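Reader: I would like a close look at one part of this chain, residue by residue, along with the parts that bear on it. Please state the cut-offs as you go.

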Amino acid sequence: SQGSMINASQLIQTMPLFRDKSGIYHFADTVSVFGEFAFAIEAGSERLRAVINKAVREEELFDAVNRAYQYGWNAVKLYFMIGLPTESGSDIEEGARLVSRLARKVPRGREIRFSISPFIPKPHSVFAGEGYGDINQLIQRQRELYRSLKGRWIKKSWRDPEESMIETVLARGDRRLAPAIEEIAERGYGLDGWGDEFSTRNWIESLNRNTPDWRKLLEPLTEG
């Protein structure tokens, strides 16, 4: 069977969590314990999750996480976003409390992993017209969440807000960005997809030289 083939591979797998129209979660319980379950809950507060149409209640989340461990999975990974539309400091505080409560539920020998990324208003998405968040505020809120992640079995990762800023510019830009992109390529910065090779300064300098008004791409979009 497909499940036994995956198990025999001894690979580390990341499997999504499925939720049907009735709100019931479904687990790939035929797959071995060598992987992790990923929950893209995005926001720490129920209010903000409702805003972005991820209306998962805390009790549902706790139940899903507990069942993932009960099925034998080694790790659960949760994806959070900062800088979401209508986000406030209270949403971050509520998210920090949620993280602390979840961390206390991790069985011995298992892991819970948290990934924190800035919200990017990509074209053709529901919030395409929103602006990119203030860099200093994003860094501060990222630190607040990061400090709340304490515990031996907790693994954490985050996305640099300045790197996400450049991604926002590239996602929203048009042909006017071509000279800056060409310059970056000609200078040999071809490994920017690797986090340790990425240089925000290189991109900003090139954008300033070739597309001086590039920061307008970070602002909320106006119709017309």
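Author: Contact means heavy atoms within 4.5 Å. Leaving aside neighbours within four places in sequence, serine 45 is in contact with Asp91 and Glu94. The model is predicted, so local features need pLDDT of at least 70 and side-chain atom pairs count only at pLDDT 80 or more, while totals for chains, interfaces and linings use all residues. Residues are numbered from 1 along each chain as its sequence is written, and side-chain values use heavy atoms, with hydrogens and water left out.

Serine 45 sits in the loop that runs between strand S4 (36-42) and helix H2 (46-51). Helices (H or I, at least four residues) and strands (E, at least two) are DSSP runs, numbered from the N terminus. Serine 45 counts as buried because its relative accessibility is 0%; buried means under 20% relative accessible area, exposed over 50% and partly exposed in between, with a 1.4 Å probe and protein chains only. A polar atom of the serine 45 side chain lies 3.1 Å from the backbone nitrogen of leucine 48.

Glutamate 42 belongs to strand S4. Its phi is near 70 degrees, a positive value in a residue other than glycine. Most residues other than glycine have a negative phi. Glutamate 42 also counts as buried, because its relative accessibility is 13%.

Histidine 124 likewise is not a glycine and has a positive phi, of about 70 degrees. Histidine 124 is in the loop between strand S6 (111-118) and helix H5 (135-147), and its relative accessible area of 83% makes it exposed.

Lysine 122 is in the loop between S6 and H5. It is partly exposed, because its relative accessibility is 40%. Not counting residues up to four places away in sequence, lysine 122 touches Ala128, Glu167 and Ala171.

Next come the helices. The axes of H5 and H6 come within 10 Å and cross at roughly 135 degrees; axes are lines fitted to C-alpha atoms, for helices over the stretch in contact, and angles run from 0 to 180 degrees between N-to-C directions. H5 and H6 are therefore oblique to each other, given that angles under 35 degrees count as roughly parallel, over 145 as roughly antiparallel, 65 to 115 as roughly perpendicular and the rest as oblique. Ile135, Leu138, Ile139 and Gln142 of H5 meet Pro161, Glu162 and Met165 of H6. By class, this contact of H5 with H6 has five nonpolar residues, one polar and one charged; Ala, Val, Leu, Ile, Met, Phe, Trp, Tyr, Cys and Pro count as nonpolar, Asp, Glu, Lys and Arg as charged, and the others, Gly among them, as polar.

H6 (residues 161-172) also packs with H8 (residues 200-210), at an angle of about 40 degrees and with axes 10 Å apart. This pair is therefore oblique too. From H6 the contact takes Glu162, Glu163, Met165, Ile166, Val169 and Leu170, and from H8 it takes Thr200, Trp203, Ile204 and Leu207. Those residues divide into seven nonpolar, one polar and two charged.

For the chain overall, there are eight helices and seven strands, and buried residues make up 43% of the 224 residues.

Methods. Polar contact = N/O pair within 3.5 Å; in protein donor to acceptor, adjacent residues only side chain to side chain.
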